[in-house]
Amino acid sequence: MEEEIFKKCIFIKEKYSKYGFKKEKDSYIYKKEILDGSFEIVLSIKENHLTGKIIEKEFDEEYINFRIENQIGEFVSSIREEYVSLLKDVKEKCTIENNFISKQANRISNHIKEIYKVSPEYLWDDDSNAVFRNNDNKKWFGIVMYINKNKISKENKKVEVMNVKLPPELIEKLLKEKGFYPAYHMQKKYWITFTLDDSIDDKKLEELIDMSYQYTIETKDWVIPANPKYWDIIHCFENVKRIEWKQIDKVAVGDYVYIYVGQPYACLMYQCKVTKKDIRSVYPGIEKCMEIELVKHYKQEEYPFEKLKKYDLRAIRGPRRMPQKLLNILNKS
C-alpha cells in the first residue's frame, strides 16, 4: 500500500518536519489517533522510505486486518480509509514527485503540479512518456518524451524532451535559439520541442508552459501585447473608439480583448470588444484583421506587470487566453 502511493516520490525533510514528523534515533516518526483515540497510526520515514502501522491502543498491539484485501466490513473499511487518506495527505504535503529521468524534467513536473494541480499521465505502455492535461477539459498542454536525440538533431544520445503549444510567430523566433527544435510527433506550426537537459533556464520554460496551458482555457477573453516603440497605442483611442488589429486565431465577434502595453509602461491598459472579424488586411504580412472597440481604459498603476503575475499572467509574448484568476479581478473593477 505504501509503496504504491509513494512510488516515484522523494521525501523533503523540511516539508515532513513542518508536517509534524519528529526525529527518533535514525528515523522520523509521525503519530495520529483515529476513531476517537482507540487506534493510532504510526508512520516512519527513513532513507526516503515510508513505513506505517496501526496500533490498537487498548491492547497495545498492531492491527493488521486493514491490509487484508478480502476484509471488507464497515469497521475495517473505515480504518483503511483513514490510513490511506493520511498517506495521500503526507504525499501531497511532504514529497515531490520523481516521475522522470532528468532533474530538469522532474523540476518542471513539480512546478506544473504546484501551479496547475496537474500530474503527468502515462497513456502508453511504458512509463517514460507522459502528457499533461487541463483537469477541466482534458486538453493537452505538454508532452514529455524520452527519445534518441537523433530524431530532432544530429546528436546520437538519449534525452528527455517536452512539447508545448505556442503562437507560430514565437515558435519561429525560438527555433533560432539553443535547445529548441521543430515539434517531434506534433503539428509543427503550433507546437515546439525543447530539451530538458538544463540547456534552457527553468524560468523561461515555465513561461512557455504557462502560455501552452492558456491555450486549454476556454474563455472568451484574450490578452494581446502592444509595443509602443512601433505603434503609438497610447494615443490611438483619443479620437476614435474602434481600430483594426491583427486577427487572433479562434477569436469570435463579441469576445473581449485586453491590451497589455510594453515598456516603458509595462501594464494592462485597455479592455476592448471584438465587433468585426475576417477583415481583409491592407497591412504587409497580415492576412486578416479584426475590429476592436474600446470599452475601458485602465490607469497605468492599476495593473502593472508585477501585479498581473500574481494572477497567473506571467508571459505576454503573443495573443493568449486571459487567465480566469485575473479575469475575476478585472470583472470586479
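This is a predicted model: local features need pLDDT of at least 70, side-chain atom pairs count only at pLDDT 80 or more; totals for chains, interfaces and linings use all residues.

Reply: Happy to. Ser109 sits in helix α4, which spans residues 103-116. Beyond its neighbours within four places in sequence, Ser109 has contacts with Asn99, Phe100, Pro120 and Phe132.

Phe132 also turns up beside another residue: Ile112 touches Phe132, along with Lys117, Val118, Phe141, Met162 and Ile209, again leaving out residues up to four places away in sequence. Ile112 brings us to the largest nonpolar core, a set of 28 residues in which Ile112, Met162 and Leu166 have the most contacts. At least two residues of this core come from each of α4, β8 (130-133), β9 (140-148), β10 (158-165), α5 (168-174), β12 (191-195) and α6 (202-214). Helix α6 gives the largest share, five residues. Another core, of 25 residues, lies apart from it and includes Phe11, Ile45, Ile54 and Cys94.

Across the whole structure, the search finds zero disulfides. Cys94 is buried, with 0% relative accessibility. Its closest cysteine sulfur, in Cys9, is 11 Å away, so the two are too far apart for a bond. Cys236 is in no disulfide either, with the nearest cysteine sulfur, that of Cys272, 7.9 Å away. At 15% relative accessibility, Cys236 is buried as well.

Conventions
Residues are numbered from 1 along each chain as its sequence is written. Side-chain values use heavy atoms; hydrogens and water are left out. Helices (H or I, at least four residues) and strands (E, at least two) are DSSP runs, numbered from the N terminus. Contact means heavy atoms within 4.5 Å. A nonpolar core is a set of buried Ala, Val, Leu, Ile, Met, Phe, Trp, Tyr and Cys residues joined through side-chain atoms within 4.5 Å. Buried means under 20% relative accessible area, exposed over 50%, partly exposed in between (1.4 Å probe, protein chains only). A disulfide is a pair of cysteine sulfur atoms within 2.5 Å.
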